[in-house]
Amino acid sequence: MAHDLGFWTLQALNALQLSMLLFLLSIGLTVIFGLMHFVNLAHGSLYALGAYFAASLAAVGGYWTGFFLAPVAVAGVGILLYSGLIKRMRKSGSMAQVLVTFGLIFALLDLTRIFWGDLALAIEVPALLDGRLGFLGVEYPTYRLFIIALGLAIFGALAFVLGRTQIGAMIRAGVDNDAMAACLGINVERLFFIVFCVGCALAGLAGAVAAPLLSVTPDMGLQILIPTLIVIVIGGLGSLKGAIAGSLIYGFVQTFGAVLAPQLASVLIYALLAAVLVIKPVGLFPAKG
Amino acid sequence: MLETRNLDKSFGAVHVTRNVSLKLERGERRVILGPNGAGKTTLFNQLVGELTPDSGSVHLAGEDVTALPVAKRARRGLSRSYQKNTLFDGLTVEENLGLAAAVHTGHATQLWSDSLAKSEVREIVAEVAEQVNLMPFLHAKVSEISYGVRRQLEVGVALATRPLVLLMDEPTSGVGPEMSKGFHDLLNNLPRDLTMLIIEHDMDLAFDVADTITVLNYGEVVFDGLPEEARGSTLLKEIYLGSWENA
Amino acid sequence: EDIKVGLLLPYSGVYAALGNDIDAGFELGLKQFGAETSATFEIVREDTEVKPPVALGKAKKLILQDNVDVVAGIVSSGVLGAVRDMIDGAGVPLIVANAGNDEATGADCSPFITRMSFSNGQVNRPMGKWMAEQGVKKVFTLAPDYAAGRQMIDAFAASFTAAGGEIVGQEFTPFQKTQDFGPYLATAKASGADAVYVFYAGGEAIAFVKQYDSFGLKAELPLYGSGFLTSPLYVNAEGPAAEGVITALHYVPTIDNAENQAFAETFTAATGRVPSEFAVQGYDAARALIEATKTGAADRETLASALRQVSFDGPRGTTSIDPATNNVVQPIYVYETVAGDNGLTQKVVAQLPAEADPVNGCQMAPVTN
Amino acid sequence: MFRHNTLRYAVLIFLAGAALFQALTAGYFGLEILTEILVLAILVLALDIVAGFGGMVSLCHGALAGVGAYAYALLSAKAGIAPPVAMAGAVAVTGAAGWIIGAVCSRSHGIYFIMATLAFGQMAYSYVFEAPVFGGDDGLGGIERLDLSLIGLDLNDSRTFALFCLALLGAVYGAAVLILRSGLGRSLSGVMHNEQRMRALGLTVWRVKADVFGLSGMIAGLAGVLAAQHVMFISPGLLGWTVSGEALVVVILGGLGTLVGPLVGAAAFVVLKHELSAVTTYWHLVVGVILIAVVISRANGIFGWVEARWGARIERRVADATRKQQPGEVARDA
Amino acid sequence: MLELSAVQSGYGETQVLYGLSLEAKQGRVLAILGRNGAGKSTTLKTIMGLLPLKSGEIVFDGKPIASRPFDVAKSGIAYVPETRDIFPSLTVRENLEIAAKRFGAAGSGWTMARVLELFPRLGERLDNGGTQLSGGEQQMLAIARALLMNPRLLILDEPTEGLAPIIVKLIHDKLNELKTEGLSMIIVEQNFGFATSLADDVVVVGRGQVVWTGSAEEIRADQAAQHTWLGV
Ligand SMILES: Nc1ncnc2c1ncn2[C@@H]1O[C@H](COP(=O)(O)OP(=O)(O)OP(=O)(O)O)[C@@H](O)[C@H]1O
Ligand SMILES: Nc1ncnc2c1ncn2[C@@H]1O[C@H](COP(=O)(O)OP(=O)(O)OP(=O)(O)O)[C@@H](O)[C@H]1O
Ligand SMILES: [Mg+2]
Ligand SMILES: [Mg+2]
């Protein structure tokens with residue numbers, strides 16, 4: 001197969017687009033998971049909820065209504081989960097958390113089926129982002145470029161907040177030792193609540209953004225969970241750098257694997273994950289400490 | 001028995017061990033003194049293999065062990081206690097000691113028998129418990145004993161592998177004066193042929209136990225000699241002792 | 001007399017929507033034609049969860065504990081493969097209402113297994129010849145990497161090349177793990193094909209059709225496929241992206257005959273949905289069962305034998321069973337998805353004649369009675 | 001460290017009695033469920049050994065069982081090897097697979113370990129799913145049960161097969177206890193509590209982990225072989241991560257690190273699933289809510305909850321009773 | 001300013017404090033002495049709200065003390081734990097910054113510059129990770145961090161543990177300075193000389209209760225008490 005430069009550009013953009021979508025999702029998981037040491041396996045279900053909310057809201061008020069409100073709605077669900085469940089589970093050890101969030105996966109999956117049915121839903125790409133843009137000598141769907149831009153923007157914003165601000169340092173301190181942080185007068189409970197909500201909102205955003213690209217089905221949360229976990233484990237838990245690195249690695253391996261070694265496409269990423277963990281048992285860029 | 005040649009280690013820009021060469025004869029008891037951050041613990045970590053030196057070598061009983069992993073060095077008779085307790089928290093004192101003894105006696109990987117029930121292991125456990133005064137606590141869980149007793153267990157676990165060389169990192173840190181004295185008796189009662197390297201801040205204890213003294217400052221050996229010489233050394237006073245007593 | 005029917009369908013899991021449509025069709029069929037027979041029916045439902053071992057357990061329960069006279073349903077080929085020996089061994093007639101693996105009415109055929117749905121080869125084979133006739137020369141194919149995907153594409157490719165066409169590239173995408181088809185679409189575009197022929201179903205179909213359109217491929221590289229791609233069950237989720245896609249299937253709701261009109265109307269009245277191919281499969285499975293009982297068959301053995309000889313004019317046109325394989329024989333409809341008054345609809349472009357599948361190694365006892 | 005106590009013995013005896021009663025009296029479907037429980041119980045015992053006593057929370061035990069099932073199917077149905085030999089072969093294959101996975105993952109901990117094992121499980125899944133020898137997505141049928149007609153047993157009879165599985169479960173339980181009480185098991189517990197210290201004491205930690213994971217793999221493989229013989233059909237779904245996830249749920253639901261708890265969990269889970277799925281297709285919702293409720297109760301699973309409530313009291317009662325019976329004992333204690 | 005009366009507390013089922021009562025007075029230094037495991041650290045943790053108060057009363061400035069550590073800190077109490085508890089993910093600078101200011105307590109005006117003057121060693125390590133410090137450096141950081149909160153009451157659990165004598169001396173001088181500035185302190189110590197030379201008042205804890213109360217001079221003079229309660 002002799003391919004021209006345009007082909008490879010296109011594939012690189014595909015890889016980047018997939019990476020950014022995964023980044024939006026994994027960053028939410030990694031902040032909750034790494035910073036709160038909370039194992040939220042139900043993160044994928046929140047992503048599915050985001051997609052469903054976006055689909056329902058878009059049907060009423062158009063794409064942008066869904067885009068802006070779905071994360072808010074998912075954060076709302078997050079608030080319910082936090083005050084009903086997560087708060088109690090914060091100190092319960094990761095096994096209990098795995099189990100509770102596993103239970104949540106089961107429950108949320110069936111709840112989406114009850115509310116929205118088994119049939120797939122969909123959202124149309126908004127007029128503004130419809131069509132294609134000429135780009136580096138190729139035509140690329142505008143909506144996919146939008147996802148890439150959005151991912152990079154969120155990455156930048158989070159890097160700034162976590163790394164450069166007081167609140168970022170306080171979050172990290174609370175993670176290391178919440179009792180001591182509280183003794184220094186940091187309101188750890190509120191901090192974590194905010195972190196959790198932001199994480200949920202990001203999952204919702206990822207769902208809303210993915211919806212026009214994919215189909216909205218009850219099991220989409222379960223399908224995305226494993227890739228997301230792979231991303232944060234390859235990257236290293238709790239670190240922003242890890243989430244972005246993991247996402248890029250996953251996106252590029254998956255995309256170019258599909259092109260260059262289609263027979264191996266489905267095994268490749270797992271082999272990579274195993275290899276990374278053998279060489280660096282805590283991922284490439286784990287949070288300090 | 002234990003020898004280091006030109007050990008060197010840096011963490012980024014921080015040079016923590018500079019060209020450290022030490023030589024311990026069989027049965028020698030050496031105390032390492034040095035201000036906080038002098039690199040004492042880091043030196044221990046390199047001796048047992050938890051850290052790899054940037055250059056230099058470690059020799060145990062005449063053999064170069066620099067390339068050996070932690071476990072292999074331990075099986076050749078190198079044992080350590082930690083500055084911060086590193087115990088089997090959910091288990092009892094007896095089990096803590098038993099696990100160590102089982103590794104030493106080679107029962108730790110057997111599938112056909114219970115290592116903790118072996119008479120060889122039980123003997124070691126009883127002996128060590130006697131040596132470090134843990135007899136009354138044998139069946140208590142680590143979480144149920146006080147910090148001071150945990151410090152004793154920390155040393156006990158290290159002893160239960162029946163080492164040739166015992167490294168102790170501040171065995172008395174955080175321990176009250178009474179227990180501290182107990183420790184000092186305890187150390188004096190250990191077999192004379194056991195080679196010991198002790199990091200200590202407690203001067204009285206140090207001068208009492210030590211055959212020889214090494215002082216580290218900024219990762220460098222600045223003094224190596226007999227306790228009497230150390231006591232007189234002005235250098236040592238300056239960098240380390242200060243003059244708290246006069247306060 | 002009372003005939004006990006075990007409905008073995010996925011009511012949860014990825015194929016729940018299909019299971020529900022088949023169930024609704026089956027119910028409707030019994031209601032519609034129930035009066036034509038003296039037999040009455042009792043239904044026992046079991047959820048396969050689309051897991052073969054679970055389905056096998058449920059099948060055993062239906063047969064050994066509930067003592068059903070006939071089993072109907074089965075959506076996935078994997079489940080059909082799992083229960084095949086059990087059904088055959090126990091001698092319970094099974095009316096397959098979806099699963100299309102060629103072997104079930106080929107090498108693994110059984111006098112007790114009658115398929116009222118389709119076979120993978122059957123719905124794709126005619127399309128190869130038809131596309132070649134339309135002047136399409138070079139085709140790139142895409143399908144999920146599993147048995148059904150490969151069978152569908154292989155049947156198409158064989159007849160397309162036999163008719164003088166050329167397959168310039170093939171990709172099989174990891175099944176149920178591929179959500180982003182971008183990489184494959186770029187490859188298809190670069191392949192120099194005149195058209196793309198695909199098989200996708202369910203969520204994958206929606207994502208595929210939308211992504212195909214978003215890359216602007218539809219204009220330069222027309223999209224053809226197995227009709228599941230634009231099934232009425234999903235086509236509205238695909239939206240305008242599906243317009244102009246040409247596919248072939250054994251049923252579309254716009255087939256112009258009286259039976260279909262009646263069926264579509266009643267089905268829509270009952271469920272609020274346009275009937276899908278799955279709905280009609282359930283409906284015809286019920287109809288076949290009733291036709292069989294009309295011959296006086298009432299127990300497992302007689303029902304099995306009667307089912308093999310069923311033939312009727314239904315929504316799909318003349319529908320009959322080929323006793324050599326027990327597979328359904330039916331016309332295939334080529335249709336284009338077009339914008340209609342209430343969303344997207346199916347414009348039938350061609351009706352290709354019914355052909356019985358090749359026997360594919362099936363050795364079946366001839367019909368006796 | 002593993003210890004039996006009165007409550008554990010009592011629950012074991014109760015479970016064995018209930019299983020035996022069910023095996024002797026149940027109808028067809030009851031036997032199916034019983035067998036499902038017994039096979040699942042073997043799998044979760046394997047998982048509890050590594051997760052509950054070694055801190056190695058594995059998300060590949062379903063896949064290991066699947067490997068066992070496929071190995072048995074290939075060896076017996078395709079290669080024509082006699083079923084008992086094929087069975088031993090399959091167990092050996094999964095043991096080896098487990099050993100390798102354990103060795104490779106030995107440096108990872110916590111969630112990293114979970115993910116590393118998941119990766120191996122998914123690799124096996126993808127491979128089996130796509131390789132034609134394994135029948136791909138359609139699975140493999142025609143798997144035979146062991147032929148024990150020599151000793152007068154017909155395993156094709158559901159009741160006999162259930163009893164056969166029960167006997168094997170008993171044997172596996174015994175083996176698990178022996179493993180945990182061996183030197184290896186003790187060291188494993190040391191590794192779980194403090195890996196760094198075990199290493200500093202001279203233990204080759206990765207070998208211990210690999211050895212135990214290998215043994216656990218053998219048990220998981222046996223579960224897989226029995227599952228294959230039970231259903232007589234296998235499909236790649238057996239290796240999927242959700243199976244491993246469910247096994248983990250069962251272990252935690254029952255009581256991680258108690259060995260008895262997972263047995264309780266297996267019975268509770270299977271019965272619940274069957275009862276609920278008969279009523280509603282939304283049974284996952286109910287199971288989910290129950291799971292959450294159990295965990296919120298802050299107990300170590302169902303069995304842990306019972307043990308926390310009554311374990312100590314029973315223990316005291318029994319101690320009192322035995323004292324009364326043996327006055328000599330009291331004198332010696334005092 | 002802080003008064004504990006009949007406090008009972010402990011860890012889960014394990015009770016450690018059995019009706020402990022003591023008082024720390026405004027502007028004075030109280031030393032809590034006692035053998036290992038007597039319950040000194042437990043007392044401090046109970047004050048900070050890190051352990052639940054099972055019964056009894058703790059009054060700070062005339063009001064019952066808050067129950068959550070966050071509120072206790074807000075009311076003006078800073079705590080240096082036995083285990084130092086430096087945040088490993090934060091640099092030394094960040095460790096200090098997150099504690100700085102906040103409640104604007106009318107303190108002695110501790111600023112970053114001033115604590116770095118006190119512990120120049122920390123200045124050299126500002127951009128290091130918290131756990132890359134040696135044990136002694138970590139202790140300094142923990143004290144510096146507490147000072148930056150400008151507390152009205154400073155609680156120190158074994159501030160000299162593992163410190164080289166020269167640093168002990170330095171800390172002694174600095175704490176003495178704080179004392180003359182009028183900062184109220186509670187110090188738990190093993191180092192008898194250190195504690196009694198700094199403290200105004202002394203209580204000795206034994207088996208979860210106060211077994212001796214008096215002034216620093218008194219305990220220094222009371223050989224018998226020293227021997228009975230402290231074993232020195
Ligand atoms: N987390 C815990 N769980 C259970 N018991 C504990 C815990 N921490 C301490 N204890 C017990 O509480 C008692 C008092 O401990 P505490 O730490 O208050 O002693 P201390 O006086 O500070 O001694 P030290 O000088 O050794 O620090 C001890 O017996 C100890 O074993
Ligand atoms: N992992 C690490 N990365 C970077 N620097 C480190 C690391 N570990 C230790 N250091 C630095 O090395 C120096 C020596 O530390 P070490 O713990 O060996 O001191 P020590 O002599 O044991 O002191 P103490 O008596 O306080 O325990 C310190 O300055 C410390 O900050
Ligand atoms: Mg040190
Ligand atoms: Mg203390």
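Which strands and helices do the buried residues of helix 12 of chain C pack against? Keep that question in mind while you open the model, which is a predicted one.

**Stop 1: helix 12 of chain C.** Select residues 300-307 of chain C, which form helix 12. The buried residues here are C:Leu303, C:Ala304, C:Ser305, C:Ala306 and C:Leu307. Now show what surrounds them in chain C. The buried residues of helix 12 pack against strand 1 (2-9), strand 3 (70-73), strand 4 (94-96), strand 5 (113-115) and strand 12 (317-322), and also against helix 11 (277-294).

**Stop 2: the magnesium ion.** Select ligand 4, a magnesium ion. E:Ser41, through OG, and E:Glu82, through OE, coordinate the ion at 1.8 to 2.3 Å. E:Ser41 belongs to helix 1 (residues 40-48) of chain E, while E:Glu82 sits in the loop between strand 6 (77-80) and helix 3 (92-97), so the pair ties together parts that are 41 residues apart in sequence. E:Ser41 has a relative accessible area of 13% and is buried. E:Glu82, at 22%, is partly exposed.

**Stop 3: chains D and A.** Show these two chains together. Between them they bury about 3500 Å², and 79% of this is on carbon and sulfur atoms. Across the interface there are eight residue pairs in polar contact, but zero salt bridges. On the chain D side, select helix 5 (110-130), helix 10 (241-254) and helix 12 (283-296); each gives two or more residues to the side that touches chain A. Helix 5 of chain D provides the largest share, twelve residues. By class, this side of chain D has 24 nonpolar, seven polar and four charged residues.

Methods. Residues numbered from 1 in each chain as written. Chains lettered and ligands numbered in written order. Predicted model: local features only at pLDDT ≥ 70, side-chain atom pairs only at ≥ 80, totals over all residues. Heavy atoms only, no water. Donors = N, O, S within 2.8 Å, 3.2 Å for Na, K, Ca; no water. Helix = DSSP H or I, 4+ residues; strand = E, 2+ residues; numbered from the N terminus. Buried < 20%, exposed > 50% of the residue type's maximum accessible area, 1.4 Å probe, protein only. Contact = heavy atoms within 4.5 Å. Buried area = accessible area lost by both parts, 1.4 Å probe. Salt bridge = Lys/Arg side-chain N within 4 Å of Asp/Glu carboxyl O. Polar contact = N/O pair within 3.5 Å; in protein donor to acceptor, adjacent residues only side chain to side chain. Nonpolar A, V, L, I, M, F, W, Y, C, P; charged D, E, K, R; others polar.
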